[in-house]
Amino acid sequence: MQTQTIIENVQPYVSTIVTAAAGVLTAFVLGGLNKLKTKVNVWLEARTTAAQREVIHKIAGEGFAFAQTAFKEAGGERKLQEALQYASLTLTSQGIAVSQVELRSAIEKAYLEYKSKIKTVLATEAQPSEEATQAAAKEAVSSLAAQVTAILSQATGTDSTASTAPRTPQDTVPSPQANVSGVAEE
């Protein structure tokens, strides 16, 4: 009987300890879930903002292209205003709210990217072709070799006019060989 009275006396304490432990464990789990929820929300907001920024830049590029082609004769400020109007209306129709400053900066970025592409294309077109460069290099090397040969022949006193002329493939064809009877065979 004595063990039963000890159990009856200890049972309220054990129940209190178990309840407290369960409460602490629940608090940790809820705290972790709350922290996870906060991180997920921040990540979703960042992804949404990044996706919206991508759409904004795409539409700003479209606005720039529209103004550049539809208003060719207009000045830069008029083109900018047309691009701003196009982009603003398009973004509003898609439910994306953006400030005029942010929209203008996106259109300016599209303009700068366009200008850098144009400069790259013009620089590429201005460069000579690889074949032309190689032909010019071969000509320069051939001319240099002829000049070096002429200088060396002057220094040694030998006549080099025959050796300075470039050799053609016809010059390198072997001459016909004579047979024993003295008749040439090809």
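Which pattern does the protein chain follow when read along the sequence? In this predicted model, the chain follows the pattern α-α-α-α-α-β-β. It has five helices and two strands.

**The chain as a whole**

The protein chain has 186 residues, of which 12% count as buried. Its exposed surface comes to about 15100 Å², and carbon and sulfur atoms supply 61% of that area. Among the contacts in the chain with a separation of 6 or more, 46% are accounted for by residues 24 or more positions apart.

**Aromatic pairs**

The count of aromatic pairs comes to four. One of them joins Phe64 and Tyr111, whose ring centres lie 5.9 Å apart with the planes at 70°. Planes over 60 degrees apart count as edge-to-face, so the pair of Phe64 and Tyr111 is edge-to-face. This pair links distant parts of the chain, since Phe64 belongs to helix H1 (residues 2-70) and Tyr111 to helix H3 (residues 100-126), 47 residues apart. Another aromatic pair is formed by Phe66 and Phe71, and it is likewise edge-to-face, with 5.8 Å from centre to centre and 85° between the planes. Phe64 and Tyr111 also belong, together with Tyr114, to one aromatic cluster.

| Residue | Relative accessible area | Class |
|---|---|---|
| Phe64 | 11% | buried |
| Tyr111 | 33% | partly exposed |
| Phe66 | 35% | partly exposed |
| Phe71 | 18% | buried |

The classes follow from the cut-offs: buried means under 20% relative accessible area, and partly exposed lies between that value and 50%. Phe64, at 11%, is therefore buried, whereas Tyr111, at 33%, is partly exposed. In the other pair, Phe71 is buried at 18%, while Phe66 is partly exposed at 35%.

**The largest pocket**

Which residues line the largest pocket? The lining consists of Phe64, Ala67, Gln68, Gly76, Lys79, Leu80, Ala83, Ile107, Glu108, Tyr111 and Tyr114. Two or more of the lining residues come from each of H1, helix H2 (76-93) and H3. The pocket holds about 180 Å³ of space. By residue type, the lining divides into seven nonpolar, two polar and two charged residues.

Note on methods
Residues numbered from 1 in each chain as written. Predicted model: local features only at pLDDT ≥ 70, side-chain atom pairs only at ≥ 80, totals over all residues. Heavy atoms only, no water. Phe/Tyr/Trp six-rings, centres within 6.5 Å; stacked < 30°, edge-to-face > 60°. Helix = DSSP H or I, 4+ residues; strand = E, 2+ residues; numbered from the N terminus. Buried < 20%, exposed > 50% of the residue type's maximum accessible area, 1.4 Å probe, protein only. 1 Å grid on protein atoms, 1.4 Å probe; cavity = no way out; pocket = protein on both sides within 12 Å on 5 of 7 lines; lining within 4 Å. Points joined across faces, edges and corners; volume = space filled by probe spheres on them. Nonpolar A, V, L, I, M, F, W, Y, C, P; charged D, E, K, R; others polar. Contact = heavy atoms within 4.5 Å. Areas by Shrake-Rupley, 256 points an atom, 1.4 Å probe, with all protein chains shown as cover.
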